[in-house]
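Subject: A structure for you to look at

Hello,

Here is the structure I promised to pass on to you. Please open it next to this email and follow along as you read.

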Amino acid sequence: MIPKNDAARRAQELASMTRLLDGGRTLARATLARDAERGKRTKTLRLPSGLEVTITEPETEEQVERDREMILDLMVRSDLVRLNFSSMRIHNRHRFGWRMWELDSAGRLRSPFYDAGVLDHPSVVADCPHGNRVPSAACKCGLYYVSHWHPFRLAVEDRLFDGGDASYAFTWGVAIGGVDVDPSGDRWGIRPRRTGRYRILGGLIPEDAPQPSLPVRWFRGFTDRNAVAVEKLWDLGAPNNFHDVVARYQGEEATSLNADDVEDPGVTAWQVLRRLGQ
């Protein structure tokens with residue numbers, strides 16, 4: 001609980017954090033786009049005669065994707081450092097991320113893409129019908145999340161809030177199980193990651209939505225400021241190392257989602273979401 005006399009100061013701090021998130025990002029994105037789209041790179045060769053020759057060689061798609069991911073990750077880390085997040089969060093940034101759920105009139109969360117039941121607990125586990133331990137290179141099963149708020153928001157905001165009847169909730173949480181990248185290799189931004197166990201730590205809901213039944217901190221309004229607040233308020237009381245984060249949540253009762261219901265072998269949930277944002 002934040003003391004009343006600290007409320008105004010905390011609000012000013014959160015507003016300042018939001019401004020930091022946007023400051024200088026236009027130039028960074030322009031640089032990122034230019035680097036990601038380039039088709040050639042230069043290379044200097046030293047010939048046996050001692051002569052140096054600069055040539056251009058084709059750049060593979062794998063190299064472009066690797067460079068793109070590296071630049072994006074540097075931007076994510078820079079944001080977290082400037083916002084004064086804990087070293088535990090910075091070092092384990094790929095284990096935290098955002099997901100989207102449908103929110104019904106009773107305040108219950110469910111998958112927006114598949115009929116997999118409602119969430120009864122903040123912890124969610126994915127069962128693999130193929131017999132693999134999630135995540136596995138042998139299949140695409142898992143609970144998908146995006147490790148940074150900005151690409152997540154940009155991917156969903158244009159198409160999902162256009163007057164439809166459904167309400168949605170965005171949850172921020174932590175991957176307690178193993179983590180792997182989305183095997184589909186989507187290129188719209190930071191590739192989603194997947195895990196076998198995802199613990200919801202907080203979330204965002206529409207201004208007029210029913211209060212969700214899950215006992216975590218909720219903010220009304222899909223704003224940058226609220227997203228920072230969700231992450232920051234948890235981080236302020238977080239353990240100093242990730243081992244203790246796992247110990248805090250891994251023994252909790254969890255909602256089990258059958259991956260066969262939430263994961264079409266040919267189309268990942270995030271691919272569906274990506275098409276909605278095109």
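Asp73 is buried, with a relative accessible area of 19%. Buried means under 20% relative accessible area, exposed means over 50%, and partly exposed is in between, using a 1.4 Å probe and protein chains only. Before we go on, please note that this is a predicted model, in which local features need pLDDT of at least 70 and side-chain atom pairs count only at pLDDT 80 or more, while totals for chains, interfaces and linings use all residues. Residues are numbered from 1 along each chain as its sequence is written, and side-chain values use heavy atoms, with hydrogens and water left out.

You will find Asp73 in helix H3, which covers residues 61–82. Helices (H or I, at least four residues) and strands (E, at least two) are DSSP runs, numbered from the N terminus. Leaving aside residues up to four places away in sequence, Asp73 touches Arg93 and His94; a contact here means heavy atoms within 4.5 Å.

With Arg93, the side chain of Asp73 forms a salt bridge (3.0 Å, N to O). The pair links distant parts of the chain, 20 residues apart: Asp73 is in helix H3, and Arg93 is in the loop between helix H4 (87–91) and strand E3 (96–103). A salt bridge is a side-chain nitrogen of Lys or Arg within 4 Å of a carboxyl oxygen of Asp or Glu. Arg93 is buried too, at a relative accessible area of 13%.

**The other salt bridges**

How many salt bridges does a search of the whole structure find? The search finds eight.

One of them joins the side chains of Glu252 and Arg199 (2.9 Å, N to O). Glu252 lies in the loop between helix H7 (242–249) and strand E12 (254–258), and Arg199 lies in strand E10, so this pair ties together parts that are 53 residues apart in sequence. Glu252 counts as partly exposed, at 26% relative accessibility, whereas Arg199 counts as buried, at 10%.

Another salt bridge is formed by the side chains of Arg108 and Asp104 (2.9 Å, N to O). Here Arg108 is partly exposed, with a relative accessible area of 37%, and Asp104 counts as buried at 13%. Asp104 and Arg108 also belong to a network of salt bridges together with Arg110.

**The whole chain**

Now step back and look at the chain as a whole. Its secondary structure comes to nine helices and 12 strands. Of its 278 residues, 46% are buried. Among contacts with a separation of 6 or more, 69% are between residues 24 or more positions apart. The accessible surface comes to about 14,300 Å², and 49% of that belongs to carbon and sulfur atoms. Accessible areas come from the Shrake-Rupley method with a 1.4 Å probe; for residues, only the protein chains shown count as cover.

**Inside the fold**

In soluble globular proteins, nonpolar side chains tend to be buried together. A nonpolar core is a set of buried Ala, Val, Leu, Ile, Met, Phe, Trp, Tyr and Cys residues joined through side-chain atoms within 4.5 Å. The largest one in this model has 26 residues, and those with the most contacts inside it are Phe96, Trp98, Phe170, Val174, Leu204 and Trp234. The elements that give two or more residues to this core are E3, helix H5 (149–160), strand E7 (167–175), E10, helix H6 (224–236) and H7. A second, separate core has 18 residues, including Trp101, Leu143, Tyr198 and Ile205.

Is Gly202 buried or exposed? Gly202 is buried, with a relative accessible area of 0%. Gly202 lies in strand E10 (residues 197–205). Not counting residues up to four places away in sequence, Gly202 touches Phe170, Thr171, Trp172, Val216, Arg217 and Val230. Gly202 and Ala227 are 25 residues apart in sequence, and their C-alpha atoms are 9.3 Å apart in space.

**Two backbone details**

The peptide bond from Val134 to Pro135 is cis, with omega near -5°. Look for Pro135 in the loop between strand E5 (123–127) and strand E6 (143–145).

Asn84 has a phi near 65°, a positive value in a residue other than glycine. Asn84 is in the loop between H3 and H4, and it counts as exposed at 60% relative accessibility.

Happy exploring!
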